[in-house]
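Here is a protein chain to walk through, one site at a time. Keep the model in view while you read.

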Amino acid sequence: MPKMNEWERELFLKQLDKLHGRFDQRENMLKLPFSSPGYHTTLTGGEVHPTRQSLEYAVALYDAEIPELEKRAAAVLDKILSLQDTDPESKTYGIWSWFLEEPLSMMSPPDWNWADFCGAMLLEILLDHGHKLPPELLSRVRTAVAHASRSIIRRNVGPEYTNIAIMGTFVTLTAGQALGNAEFTNYGKGRLRRFYDHTMQHDGFTEYNSPTYTLVAIRELGRILTYVQDPEDLQLVEELYFYAWRHLARHFHAPTWQWAGPHSRAYTTLTGKGFISFLQRATGIGFLDPKELDLSVADLRLQLPCPEELIPYFTSLQEELVVEHYAHSLVATTYHREEYSLGTINHGEMWNQRRNLLVYWGDKNNPRYLHLRFLHDGYDYSSALFFGQQNRNRVLGGICFATDLGDTHIGLDRLKDGTIRAQDLRLRFEFGGAIQNLQLPERVEVLKTVAIEDGPFRISLKIQEACFGEELVTCETGTQDQKKYLDVVLYHGEEKSINFNALSAAYITFALAVGEAEPEISGGEGQWAWPGAGLTLRLRTKPATAREVRRWVLEG
C-alpha cells in the first residue's frame, strides 16, 4: 500500500471517524441506511448491515496503522468471513450476500460479483496486513481468497464485462501470487491477455464511457500495478491503464466539469464532488479547496496518477468531436463546444443505467443536462430501444420496442410473452441541474418544432412521428422532483396488460438540434432522413425480439 501524504492522512482519519459512528458492536459490521440500484435485493428500506462496506471498513481499520483499532478490524473480518458460501457444491459458492439481513437464498438473484469485490479487499488485507493477523484468522483469510478465486474461475466472466473482467483478473493473479497457487496464476494471466486483446481489437471497453465503471477500471488496473510482480503482465496493464485515462480525458467537458455522454452505465447524471476530488488527487489540478475534497477511505489507499500528457484535457477543451467504435456495432459520438457537449450512442436499451442521448451546458458551478429516458409507470423501461445518428450538434433518433428483454433491468426480469402490465408509458426528455430559468413550451405537437430555451442556450426539438397501436398519443410538459420534462405519452390510464407482440406498430421518431439549425425531416414507414444534417434513420416499427430489431435496423 502506497504511503499517504500529510493531507491525505488527515482526510483518511476524518472519513474513518465517520465510519466509526456507523459501527454496530453487536454484529461487528457497519449499519447503514438501505440503498440499492433496484435489483438483486428484495429489501426496500430501513437500515442494513452491508458486507461490502463492512469489509472496506476492516481494510481501513488496518490501514490506519493504529494498534488499538486492530482488534475491531479482526472482529469485522471474522464476521465477514463467516458469511461467505464455502460449499463447493453450492450454486453460490465463494460469494457473499449484499446484506446480513438478506441471505443468499433470499436475494433475487444473488450477485456473483461479490466474489470479486470482497475477494479483492481480502487480498488487500492479506498482502498489506497479513503480518498483523493471528495465525488462525490469517489461515481463514487465505482460505476465503481461494474460495473467491475458484468462484471467479467457475463463473469465467468474459472480457465484455469490463469492470468485473479486470477485478477478477486482479483477484486471481494476486491470489496465485500470495497463495503460491499456479492454477489461479495461470487463469489470471490468460484472463488478462484475453481482456487486453479484446480491448485493443475493439478500440475500447465494452462498458464504454462509464463514469462509474471506468473509474473502477482505473482503480483495478492501478491495484494490479501496485501488487502484481510479473513484468509481462505489468506491461499489458500499463497500456490498459493509459487507455482508461485517455478515454476519461477525451470525454471530460472542462467548462462544466461534466463527463460527457453517451454513457454505457451511470448511476447519476451530474458528476459529484467525489469525481472532481478524484481528478484533483490524480492530476494535481486545484479544482476545489482542499477542505472541500470528498474522498472515501478506499479512494485514499491507492495512488492513481493521470498520465502527464493527458492533463491538458482537464484544464481546457481539447477536442471538438470524438467518435469511437466498439463491439456489437456500437458507435459513440461526442461533440464538445465551449457552451455545451452533446453525446449519443447509435443503439442502446433504455435501461436506467444508460445515457443514450445526453446534453450538458452551463458552467462548472451551475451545470444543466438533458437526458433521454423511457418510463414504464415512472421507472426506466429496459425493453424500449434507442437508435440514433448524430452529426455534430444534430441528432436524428427514435424509439422502438423489444419483446424479450427486461422491464426494470436488461436481463433480470425478462418479459413473458412480450407482455407487461402498465398504467403509463412515455418517452421523457428530462432536464435537470440548475434549470430555474429553463423555458419549456406550453404546447407540444407532433410534426411541429418547439424550442427549449435557457437564456441564450437553445435546443430545437421536433417529434416527427409517434405511434402505439390504436392509442391516442399526446405530448406534455411539466415539473417533477426539481426536474423539468417534455414527454411523449404513449399510454396513460387504468392499469392493463399490454402485449407488444400484438401491436401493429409502436415507435417514436424525433430530431434534435443544439444551438443553431432547425430540424427538417422527411420519410416515414420505417425510414427517415434529415438531408441538411446528412442523417438517416431506420426503425423497425413493429415490436420484435431484440435480435430481430437490431438486425433490421443495423443490417438493413
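The side chains of asparagine 163 and glutamate 207 are joined by a polar contact of 2.9 Å. A polar contact is a pair of N or O atoms within 3.5 Å; within protein, one must be able to donate a hydrogen and the other to accept it, and residues adjacent in sequence count only if both atoms are side-chain atoms. This is a predicted model, where local features need pLDDT of at least 70, side-chain atom pairs count only at pLDDT 80 or more, and totals for chains, interfaces and linings use all residues. Residues are numbered from 1 along each chain as its sequence is written, and side-chain values use heavy atoms, with hydrogens and water left out.

Asparagine 163 sits in helix α6, residues 162-179. Helices (H or I, at least four residues) and strands (E, at least two) are DSSP runs, numbered from the N terminus. Is asparagine 163 buried or exposed? Asparagine 163 is buried, with a relative accessible area of 2%. Buried means under 20% relative accessible area, exposed over 50%, and partly exposed in between, for a 1.4 Å probe and protein chains only. Leaving aside residues up to four places away in sequence, asparagine 163 touches Phe117, Glu207, Tyr213, Val216 and Arg265. Contact here means heavy atoms within 4.5 Å.

Now turn to a helix pair. Two packed helices are described by the angle between their axes and the distance between the axes. Helix α8 spans residues 213-227 and helix α9 residues 231-251; they pack at an angle of about 155 degrees, with axes 9 Å apart. That makes α8 roughly antiparallel to α9. Angles under 35 degrees count as roughly parallel, over 145 as roughly antiparallel, 65 to 115 as roughly perpendicular and the rest as oblique. The axes are lines fitted to C-alpha atoms, for helices over the stretch in contact, and angles run from 0 to 180 degrees between N-to-C directions.

Which residues meet between α8 and α9? From α8 come Thr214, Leu215, Ile218, Leu221, Gly222, Ile224 and Leu225. From α9 come Leu234, Val237, Glu238, Leu240, Tyr241, Ala244, Trp245, His247 and Leu248. The residues of this contact divide into twelve nonpolar, three polar and one charged. Ala, Val, Leu, Ile, Met, Phe, Trp, Tyr, Cys and Pro count as nonpolar, Asp, Glu, Lys and Arg as charged, and the others, Gly among them, as polar.

Next comes serine 382, in the loop between β13 (379-380) and β14 (384-391). Serine 382 counts as buried, at 0% relative accessibility. A polar atom of its side chain lies 3.5 Å from the backbone nitrogen of histidine 409. Beyond residues up to four places away in sequence, serine 382 touches residues including Glu349, Trp351, Asp407 and His409.

The backbone deserves a look too. Most residues other than glycine have a negative phi, and most peptide bonds are trans. A cis peptide bond joins serine 108 and proline 109, with omega about -15 degrees. Proline 109 lies in the loop between α3 (70-82) and α4 (114-129). Glycine 261 and proline 262 are also joined by a cis peptide bond, with omega about 5 degrees.

Asparagine 209 is not a glycine, yet has a positive phi of about 45 degrees. Asparagine 209 counts as buried, at 2% relative accessibility. Glutamine 482 has a positive phi of about 65 degrees. Glutamine 482 counts as exposed, at 75% relative accessibility.
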